[in-house]
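I set out below what I looked up in this entry, topic by topic. Each term is given with its cut-offs where I first rely on it.

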Amino acid sequence: MKTMFTNGMIIDGSGDKPYKGCLVIEGDRILFVGEKTDIKADRVIDVNGAMICPGLIDAHSHNDFFYDREDAEKYYKPFIMQGITTQITGNCSFSPFGMDENTPYKDKIGGGLFDAHHPGSFKQFKQRAKGNLYVNMAPLVGNGSVRAGMSGYDPAPYNKEQIEKEMSYVKEAMDEGALGGSFGFMYEPNRYSKEDELIAFAKTIAAYDGIVTIHPRACSIISADYPLVTKKSHLEMGLDEAIDIMKKSGCRLEYSHLIFTGARSWKLLDKMLNTFHKTRKEGYDIAYDNYAFHYGASVITVVFPEWYAALSKEERQKPINRLRLSLTILMYRKALGIDWEDLVVAYIGEDYKQYEGKTVLELAQKEGVKPIDMYLKLVDLSNQAGSIYLGKYYNDAIVKRLMEDDLSVFMTDAWVEDKGLQNIAAFQTFPQFFLLAKRYGMPYERIVRKMTGATADRYRLENRGYLKEGYKADITILDVDKLKVNEAIPDFTPEGIEYVYINGSPIVEEGKYLSVKAGELILRKGYKEAEEETKQSPVSKRKILRKVVRV
């Protein structure tokens, strides 16, 4: 069946100027894109001047942990309704594969953030995912998950034999088609990995020409992961460590979610960007991804010192320890530039829904207590396991600067929560980027490129990210004049996303969601696999093979 979209503004993912034209798809492929064609289509859809774009690509996701749930659809629908058709998964050292399926540490695989329902090898992951995906997934293998599968949260350094065993799991994933691997230096157990283990992992990925993504050890001017007194800010030191791993291993590097947590970190914007561009000019393949909103998900204990958490209940109540605690938290907040109104409660417990969506300061004023006492109450009520949304990741000027920078691509780094306040990024990120582009007068073709072709190039996704004949029919059609988000309602469904097609299947039509599993795993592909694929493609074998040879 041939479907033609007419009377649209073609933005093809290359960054070239938009033009009025049409797009024809047949099966799961793009058959034609251009100003006009004589092709006779079975179905013709007039999009009435809307933008016809490649399917949007989320450069940083964790949605590989939800595909095998009975209610999996609810975890993917909000991303599809943003226009997202592909997600890069396995970030921050977490993947649901890279271990034995009978590992005794199943509960440790997701670092306390995610549950792996069916942990196992990458081959097993592929088998379960086939025909069972709502969006396309381009998977990375997480170093933390591999380590957790072997030894849980044991902080002991790995010896040579352990590292070799660890790399056997990594090689299995890469042999089976994973795109690369990831680190998450703020999380257990990846934070315990020493340099020899980290370099071995990155070198293994580099041997396959894979990409390595790194959640750095610090995302703020000061953190708990470096000494208090240092020559550079901790944010800069986190980037330096990532670059050092890249240089020593020879890997391609994606720096995950470049943020500047706390107002005092904002002054580091120029230094950080200068380091990225200087390193790039030296010939290293490095870039980064970023958010659209000013805040992100965090844990309730973000400013809760470990020394106090280790005290007994009786010791905590002693005036000297309470005073020390208050001073420690005050110093930490001042050092970061974070206020109590920057901590928004996402979830404390089933019995405390009245706290959700309110800041610590608002709750303190309502209950007539000091903010520090309100904060400690929330920590206790949640048994130190509550979640918050932490503000001051960015300001408007930083978001604009990152959007304009040549090295950035866009991402959500969000997931649908089972309980509590939802993260706005899971529902409204990509439409927000379009609205920001409109506000800042940025060309839409440049924004679309970052969401599509640039991300596909970055992760080397074959036949994705562009409106080109023979490419997969991942399509997002939106009317920017109708586009609407609502920052006051985190789980608001954006308006203006008219059509979303994944591998040629309609998923959103005239703004209405259709329940269809049309996603595929996107893997590193060898020549033989590409040759086999051409036998089923409506586009000539000659065209496809020519593209593969160029890659």
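Which residues line the largest cavity? I found Phe65, Tyr67, Asp68, Pro96, Asp115, Ala116, His117, His118 and Pro119 in the lining.

**Basis of the entries.** I worked on a predicted model, in which local features need pLDDT of at least 70 and side-chain atom pairs count only at pLDDT 80 or more, while totals for chains, interfaces and linings use all residues. Residues are numbered from 1 along each chain as its sequence is written, and side-chain values use heavy atoms, with hydrogens and water left out.

**Cavity.** I looked for a cavity, that is, a set of points on a 1 Å grid over the protein atoms alone where a 1.4 Å probe fits but cannot get out; lining residues have an atom within 4 Å of a point. Grid points are joined across faces, edges and corners, and the volume is the space filled by probe spheres set on the points. The structure holds one cavity of 30 Å³ or more, and the largest cavity contains about 30 Å³ of space. I sorted its lining into five nonpolar, two polar and two charged residues. In this sorting Ala, Val, Leu, Ile, Met, Phe, Trp, Tyr, Cys and Pro are nonpolar, Asp, Glu, Lys and Arg are charged, and the others, Gly among them, are polar.

**Cores.** I took a nonpolar core as a set of buried Ala, Val, Leu, Ile, Met, Phe, Trp, Tyr and Cys residues joined through side-chain atoms within 4.5 Å. Buried means under 20% relative accessible area, exposed over 50%, and partly exposed in between (1.4 Å probe, protein chains only). The largest core has 151 residues, of which Tyr375 and Met403 touch the most other members. Helix H14 (residues 425-440) gives the most to this core, with nine residues; helices (H or I, at least four residues) and strands (E, at least two) are DSSP runs, numbered from the N terminus. A second, separate core of 18 residues includes Ile10, Ile25, Ala50 and Ile52.

I then listed the contacts of Tyr375 (heavy atoms within 4.5 Å). Leaving aside neighbours within four places in sequence, Tyr375 meets Ile300, Thr301, Val302, Val303, Phe304, Ile329, Trp340, Leu343 and Val360.

In helix H15 (residues 444-451) I noted Glu445, Ile447, Val448, Lys450 and Met451 as buried. These pack against strands S5 (51-54), S6 (56-58) and S16 (408-410), and against helices H13 (396-404), H14 and H16 (453-459).

**Aromatic pairs.** I paired rings of Phe, Tyr and Trp (its six-membered ring) if their centres lie within 6.5 Å; planes under 30 degrees apart are stacked, over 60 edge-to-face and the rest tilted. The count comes to 28 aromatic pairs. Phe97 and Phe122 are edge-to-face, at 4.7 Å centre to centre and 75° between the planes. Phe97 sits in the loop between strand S7 (84-89) and helix H2 (122-129), and Phe122 in helix H2, 25 residues apart. Both are buried. The rings of Phe122 and Phe125 have centres 5.7 Å apart and planes at 40°, so this pair is tilted.

**Backbone.** The Glu188 to Pro189 peptide bond is cis, with omega near -5°. I placed Pro189 in the loop between strand S9 (180-184) and helix H5 (195-207). Asn383, which is not a glycine, has a positive phi near 55°. Asn383 counts as exposed, at 65% relative accessibility.

Notes:
On a 1 Å grid over the protein atoms alone, a cavity is a set of points where a 1.4 Å probe fits but cannot get out, and a pocket is an open set with protein on both sides within 12 Å along at least five of seven lines; lining residues have an atom within 4 Å of a point.
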